[in-house]
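Student: Please take me through this structure and say what each label rests on.

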Amino acid sequence: MSSDATRGAPEAGRDLMSGAEPEVGSGKTDPILRADGVRRSFGGLTAVDVGHLEVQRGTITALIGPNGAGKSTLFNVLTGFDRADAGEWTFQGRRFDGLAGHKVAQRGMVRTFQLTKALTRLTVLENMLLAAPGQRGERFVGAFGRWLWTGQEAANRERAMELLARFKLDAKKDDIAGSLSGGQRKLLEMARALMVEPAMVMLDEPMAGVNPALVQSLLEHITSLRDEGTTVLFVEHDMDVIMGISDWIVVLAQGGVIAEGRPADIRSDQQVIDAYLGAHHDDPDAGADGRGDRKEGQP
Ligand SMILES: Nc1ncnc2c1ncn2[C@@H]1O[C@H](COP(=O)(O)OP(=O)(O)OP(=O)(O)O)[C@@H](O)[C@H]1O
């Protein structure tokens with residue numbers, strides 16, 4: 001799917017979406033994820049109600065929408081961390097609805113999590129090793145089992161160190177994760193997700209709380225992942241980031257998809273401007289995460 005012409009050139013990345021129509025529920029030429037009728041309610045509130053959604057393999061797809069639109073809930077449901085009330089979805093052609101979170105991750109769909117309090121007390125390397133695949137542990141008994149286990153540990157350690165070097169965190173491997181800056185934590189969250197060599201990574205607000213100096217570096221990591229063939233699905237509020245690196249954008253409002261398309265399609269979609277880009281003007285927090293208001297009224 002990836003083409004040399006698009007490597008490292010987000011603008012040209014639009015070619016990755018050839019054949020996809022900018023309309024809700026549009027079919028993609030090579031969808032890695034297909035979801036149908038996904039619904040999740042909390043009491044009387046419908047948090048997610050998505051009719052049909054396909055995510056094109058090998059692209060950066062952004063999931064955007066106003067606060068409370070259902071982005072996190074959709075992430076949680078798709079990755080097995082929350083249960084849908086209804087819906088079916090496949091990942092790489094296999095049914096994933098009803099799968100537990102750890103199985104979803106083992107099978108290649110991994111989301112990042114903010115480092116919990118417990119994880120911030122561990123070292124950077126320990127965080128990486130905890131995210132490693134093949135935690136076989138007690139299933140293995142006897143000398144042969146221990147030998148296999150040791151081999152797995154060594155492989156995990158090697159992969160962890162490679163990833164830490166890639167994200168320039170190798171010198172911090174023995175530091176307590178809680179001592180990292182906001183941006184370094186985001187890098188660690190991404191590096192942790194890559195321990196299982198996922199086919200798709202789902203990033204939850206990768207730029208939130210990141211020092212501007214690190215934003216560019218994070219953006220480069222995300223586009224390199226895409227260019228290496230990993231599909232990236234991310235939730236983000238920063239419009240400059242969204243418009244700058246996305247091949248495709250899916251807009252949620254009140255649980256449903258109201259628009260899909262390339263950045264240029266989304267920017268000029270009146271419904272999106274009304275439901276989201278415009279809404280940012282009314283958001284008292286817009287200065288913190290809603291740089292989108294700058295985009296309102298743009299063609
Ligand atoms: N566990 C829960 N219990 C009750 N209501 C919930 C729960 N989780 C989410 N909701 C509600 O579901 C709706 C969707 O929330 P969700 O967090 O998915 O939105 P979001 O688009 O991720 O918002 P944000 O951009 O603010 O993170 C909101 O109205 C929210 O209050």
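**Contacts, sheets and the ligand shell**

Tutor: Of the contacts in the protein between residues at least 6 apart in sequence, 69% join residues at least 24 apart. A contact here means that the C-beta atoms of two residues, placed from the backbone, lie within 7 Å. The model is predicted, so local features need pLDDT of at least 70 and side-chain atom pairs count only at pLDDT 80 or more, while totals for chains, interfaces and linings use all residues. Residues are numbered from 1 along each chain as its sequence is written.

Student: How many helices and strands are there in the protein, and what makes a run of residues one or the other?

Tutor: There are twelve helices and ten strands. Both are DSSP runs, numbered from the N terminus: a helix is H or I over at least four residues, a strand is E over at least two.

Student: Which strands does β3 pair with, and in what sense?

Tutor: β3 and strand β8 (residues 231-235) are joined in the parallel sense by four bridges. Strand β9 (residues 248-253) also runs parallel to β3, again over four bridges. Two strands pair if DSSP finds at least two bridges between them, so four bridges meet the criterion. Within these pairings, T61 stands opposite L233 in β8, and I64 has V251 of β9 as its bridge partner.

Student: What makes β2 and β5 edge strands?

Tutor: The open sheet has four strands in the order β2-β1-β4-β5, with antiparallel pairing. β2 and β5 (94-95) each pair on one side only, and that puts them at the edges. Inside the sheet, strand β1 (residues 31-42) and strand β4 (residues 86-91) pair antiparallel over five bridges. R39 has A86 in β4 as its bridge partner.

Student: Where does α1 pack, and at what angle to β2?

Tutor: α1 packs on the sheet and touches β1, β2 and β4, with its direction at about 65° to that of β2. Axes are lines fitted to C-alpha atoms, for helices over the stretch in contact, and angles run from 0 to 180 degrees between N-to-C directions.

Student: How do you know that α1 is mostly covered?

Tutor: Seven of the eight residues of α1 are buried: K71, T73, L74, F75, N76, V77 and L78. After α1 comes G80, with a positive phi near 80°.

Student: Which residues are around the ligand?

Tutor: F42, L45, A47, G65, N67, G68, A69, G70, K71, S72 and T73 are around the ligand. To be near a molecule, a residue must have its C-beta atom, placed from the backbone, within 6 Å of it. β2 (45-56) and α1 (71-78) each supply at least two residues of this shell, and the largest share, three residues, comes from α1.

Student: How many residues of the shell around the ligand fall in each class?

Tutor: Four are nonpolar, six polar and one charged. Ala, Val, Leu, Ile, Met, Phe, Trp, Tyr, Cys and Pro count as nonpolar, Asp, Glu, Lys and Arg as charged, and the others, Gly among them, as polar.

Student: Why is K168 called exposed?

Tutor: K168 has 12 other C-beta atoms within 10 Å, so it is exposed. K168 is placed in the loop between α5 (142-166) and α6 (182-193), and its phi is near 55°, a positive value in a residue other than glycine.

Student: What makes E197 exposed?

Tutor: E197 has 10 other C-beta atoms within 10 Å and is therefore exposed. E197 is in the loop between α6 and β7 and has a positive phi of about 50°, although it is not a glycine.

Terms used:
A residue is buried if 20 or more other C-beta atoms lie within 10 Å of its own, exposed if 12 or fewer, and partly exposed in between; C-beta atoms are placed from the backbone.
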